[in-house]
Amino acid sequence: MCSDPKEIFSSIEDLGRSTNRSIFLALGMFDGVHLGHQKVLAKVNQMAQESGLAMAFTFPKHPASYLRPESAPSLLMRKDEKADFLLNQGVSGVVLRTFDREFADVEAKYFPAFLIARIPSLAGLCVGENFRFGKGRIGDTQLLVEICKEVGLCVSVVKSETIDNEPISSSRIREALSVGRINEVNKMLGRKYKISARPVNGNKLGREIGFPTINVPWNPQAHPAFGVYTGRVWNIDENQKKFAIANYGMRPTVENNAQSPLLEIHLLDSISNEFELPEQIINMELENFVRVEKKFGSLDDLK
């Protein structure tokens with residue numbers, strides 16, 4: 001049996017060996033764990049409620065990074081963040097399996113048998129309506145239902161969640177994020193977009209011009225548009241959220257050759273910079289996009 005009811009597995013074989021209870025498996029990339037993903041996870045939890053365990057199966061990297069690395073999408077989440085978010089949706093475990101040649105070569109018609117061979121207690125699958133599977137991604141949900149019926153697996157296909165009459169998708173979130181439509185991003189995620197990272201000591205220029213900042217290096221694969229955002233900030237030792245304004249970007253006014261973007265947070269309801277402790281993790285939820293990042297002619301203009 002699983003020693004830990006909230007477990008992360010690196011292979012489906014490990015999951016299969018962990019328990020004899022019936023397993024109901026949600027399948028997907030789940031990048032961002034947006035409202036559509038949450039609908040799938042809620043359904044798999046419902047499927048497992050009476051007689052089994054709900055689990056999520058996903059990949060740490062997008063399959064395209066193996067099949068078509070030149071066109072692989074930038075991810076909204078690190079693998080550890082995604083695993084945490086999936087577990088927070090109520091599943092008992094998460095499989096983070098590397099996408100490789102073995103998986104890529106599984107013919108669609110043999111896909112359920114491939115899973116059952118590795119998870120003997122597999123009882124059912126749950127997927128979104130746009131789920132594709134098998135070699136060449138030729139399998140769709142209709143085929144999945146048909147072949148799973150032959151091997152005794154139940155299947156739930158969950159209809160896409162929509163906002164503004166358009167399906168929510170990870171690619172749609174990436175597009176909105178890249179141009180600063182943070183309100184749209186937050187709607188599709190079903191929560192505020194959050195940045196979590198460790199601050200570093202800066203050059204204190206913000207203090208010199210009267211606006212002390214917490215400086216947070218942060219460079220995810222899919223990042224927000226460079227610019228100024230409002231939101232709320234807190235750290236791991238204090239749950240109280242503080243209003244803040246922040247610039248995210250390359251700091252063109254004060255740096256000509258920045259190597260990576262920086263989040264510069266100014267607390268609006270505090271005159272101090274008490275969060276500037278390198279050992280603390282800083283969290284900021286982005287709520288509104290104010291303007292794009294721009295270069296000012298002088299520090300006085302910046303102030």
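Arg172 counts as buried, at 17% relative accessibility. Buried means under 20% relative accessible area, exposed means over 50%, and partly exposed lies in between, with a 1.4 Å probe and protein chains only. This is a predicted model, in which local features need pLDDT of at least 70, side-chain atom pairs count only at pLDDT 80 or more, and totals for chains, interfaces and linings use all residues. Residues are numbered from 1 along each chain as its sequence is written, and side-chain values use heavy atoms, with hydrogens and water left out.

**Helix α8 and its partner**

Arg172 meets Glu184 in a salt bridge between side chains (3.7 Å, N to O). Arg172 lies in helix α8 and Glu184 in helix α9, so the pair ties together parts that are 12 residues apart in sequence. Glu184 is buried as well, with a relative accessible area of 19%. A salt bridge here is a side-chain nitrogen of Lys or Arg within 4 Å of a carboxyl oxygen of Asp or Glu.

Helix α8 spans residues 170-178. Helices (H or I, at least four residues) and strands (E, at least two) are DSSP runs, numbered from the N terminus. The buried residues of α8 are Ser170, Arg172, Ile173, Arg174, Ala176 and Leu177. They pack against α2 (35-48), β7 (162-163), β8 (166-167), α9 (182-189) and β9 (193-197). Contact means heavy atoms within 4.5 Å. Just after α8, Gly180 takes a positive phi of about 85°.

**Salt bridges around Arg118**

The salt-bridge count comes to 15. Glu13, Arg97, Asp100, Glu102 and Arg118 are linked in a network of salt bridges. Arg118 pairs with Glu13 and with Glu102.

| Salt bridge | N to O distance |
|---|---|
| Arg118 and Glu13 | 3.2 Å |
| Glu102 and Arg118 | 3.3 Å |
| Arg172 and Glu184 | 3.7 Å |

Take the Arg118 and Glu102 salt bridge. Glu102 lies in helix α5 (residues 101-104) and Arg118 in helix α6, so the pair ties together parts that are 16 residues apart in sequence. Glu102 is partly exposed, with a relative accessible area of 40%. Now take the Arg118 and Glu13 salt bridge. Arg118 sits in helix α6 (residues 111-118) and Glu13 in helix α1 (residues 12-18), so this pair connects parts that are 105 residues apart in sequence. Glu13 is partly exposed, at a relative accessible area of 26%.

**Strand β11**

Strand β11 (residues 227-235) is largely enclosed by the rest of the structure, because 7 of its 9 residues are buried. It runs antiparallel to strand β14 (residues 282-292), and 9 bridges join the two. Strands pair if DSSP finds at least two bridges between them. Tyr229 has Phe289 in β14 as its bridge partner.

**Thr213**

Thr213 is found in the loop between α10 (205-208) and β10 (214-217). Thr213 counts as buried, at 18% relative accessibility. Its side chain makes a polar contact with the side chain of Asn215 (3.1 Å). A polar contact is a pair of N or O atoms within 3.5 Å; within protein, one must be able to donate a hydrogen and the other to accept it, and residues adjacent in sequence count only if both atoms are side-chain atoms.

**Cysteines**

A search of the whole structure finds 0 disulfides, a disulfide being a pair of cysteine sulfur atoms within 2.5 Å. For Cys126, the nearest cysteine sulfur is that of Cys154, 9.2 Å away. Cys126 is buried, with a relative accessible area of 0%. For Cys154, the nearest cysteine sulfur is that of Cys148, 8.6 Å away. Cys154 counts as partly exposed, at 37% relative accessibility.
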